[in-house]
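Here are my notes on the model you sent over.

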Amino acid sequence: MFGDLRRFDPAWAPGGDWFRRFFDEMWPDPGAADIRSVPRGSFPMINVGRTDDAVRVYVFAPGLAAEELEVSLQDNVLTVSGRRGGGAEADTGERRTHFRRERAAGEFSRSVSLPEGLDPDRAEARFRNGVCEVVLPKREELKPRRIDIQAS
Amino acid sequence: MSEVAKREENRAPTERRERRMDALLPPVDIYEEDNALHLIADMPGVQRDTLSIEVNDNVLSLEGEVALEVPEGLTSIYAEVRAQRFARRFTLSHEIDMDAIQASIDQGVVHLILPKKETHRPRRIDVKPA
């Protein structure tokens, strides 16, 4: 009967990003968005950086063990997927009174498109402090090369 | 020339203020269990030594520096985490035993246990037979 009162919408919870979302909805960005773009604050957050010889992807996935996160690269699309929380927390849920539930839980999957010309065979991923760093080396032929200028 | 200098001067304090404001709000779960409040915060990239938890005047502040090992010459092409630190503050109620607060961090997840004072725990009242 009072189901509506208890309905919980984390997106509009105080302290969340509701203010930004409110403005985004009031004045939507007229520019073209990337086809794989997601609203800000989607879990896990992703940063991508580039050096001369590699592209580095940082996946901010706190609380996940290395084996719980799956990273795959197809063509130039990187997909991270996994599952967080749920199990043990749900069991003891009866005795708990929740005041805030802002952390994402459950299954997730995200894809980002990366620059072309990466070598998936030499890719490496490392997990530290809840951040997964994926290093994707560029193919040899795409690395910047120094061109010697010969004196005539 | 002098105008340029003046503008530079004006900009310095705002930059400093922006840097202080430029912190991410970590998402938290808060629940009550076993006579204690539990606070779980997602702070990826924060290590034990870059995390600071303070209780001052009933205000609990949680701050952590994001320590990423970024190679030199890295240019950002896409960034969702744009700040270097997480910060969030909560006011505590008087029933929390400030001296008994415990904190731990594992894989970027902070777990705080805020026990209630002995005097505020629920007591069972025996009903005597008449």
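1. How many bridges join β3(A) to β4(A), and do these strands run parallel or antiparallel? There are six bridges, and the two strands run antiparallel. One pair to look at is Gln74(A), whose bridge partner in β4(A) is Val77(A). Bear in mind throughout that this is a predicted model.

2. That pair of strands belongs to an open sheet of three strands in chain A, in the order β3-β4-β6, with antiparallel pairing. β3 (69–74) and β6 (106–113) of chain A are the edge strands, each pairing on one side only. On average, neighbouring strands of this sheet are turned by 15° against each other, direction ignored.

3. Now the inside. The largest nonpolar core has 20 residues, and the members that touch the most others are Ile46(A), Val55(A), Val57(A), Val59(A) and Leu114(A). Two or more residues each come from β1 (45–50), β2 (54–60), β4 (77–84) and β8 (131–137) of chain A. β2(A) gives the largest share, six residues.

4. Leu114(A) is a handy place to start if you want to click through the contacts. Leaving out residues up to four places away in sequence, Leu114(A) touches Val48(A), Val55(A), Asn76(A), Leu78(A) and Leu136(A). Apart from that core lies another one, of 16 residues, including Val28(B), Leu37(B), Val110(B) and Leu114(B).

5. Next, where the chains meet. The contact takes 30 residues from chain A and 30 residues from chain B. On the chain B side, β1 (28–33), β2 (36–42) and β5 (75–79) each supply at least two residues, and β1(B) has the largest share with six residues. By class, that side of chain B has 18 nonpolar, seven polar and five charged residues.

6. There is strand pairing between the chains as well. β1(A) and β5(B) pair in the antiparallel sense over four bridges. To find the spot, look for Asn47(A), which stands opposite Ala79(B) in β5(B).

7. Over in chain B, strand β3 (residues 51–56) is hardly covered: of its six residues, the count of buried ones is zero. β3(B) runs antiparallel to β4 (residues 59–65) of chain B, and six bridges join the two. Within this pairing, Ser52(B) stands opposite Glu63(B) in β4(B).

8. The turn of that hairpin deserves a look at the backbone angles. Two residues lie between β3(B) and β4(B), and Asp57(B) there takes a positive phi near 55°. Asn58(B), in the loop between β3 and β4 of chain B, has a positive phi too, near 70°. Most residues other than glycine have a negative phi.

9. Chain A has a residue of this kind as well: Asn129(A), with a positive phi near 50°, sits in the loop between β7 (124–128) and β8 of chain A. Asn58(B) counts as exposed because it has 12 C-beta neighbours inside 10 Å, and exposed means 12 or fewer.

Conventions. Residues are numbered from 1 along each chain as its sequence is written. Chains are lettered from A and ligands numbered from 1 in the order in which they are written. This is a predicted model: local features need pLDDT of at least 70, side-chain atom pairs count only at pLDDT 80 or more; totals for chains, interfaces and linings use all residues. A nonpolar core is a set of buried Ala, Val, Leu, Ile, Met, Phe, Trp, Tyr and Cys residues joined through C-beta atoms within 7 Å. Two residues are in contact if their C-beta atoms, placed from the backbone, lie within 7 Å. Two strands pair if DSSP finds at least two bridges between them. Ala, Val, Leu, Ile, Met, Phe, Trp, Tyr, Cys and Pro count as nonpolar, Asp, Glu, Lys and Arg as charged, and the others, Gly among them, as polar. Axes are lines fitted to C-alpha atoms, for helices over the stretch in contact, and angles run from 0 to 180 degrees between N-to-C directions.
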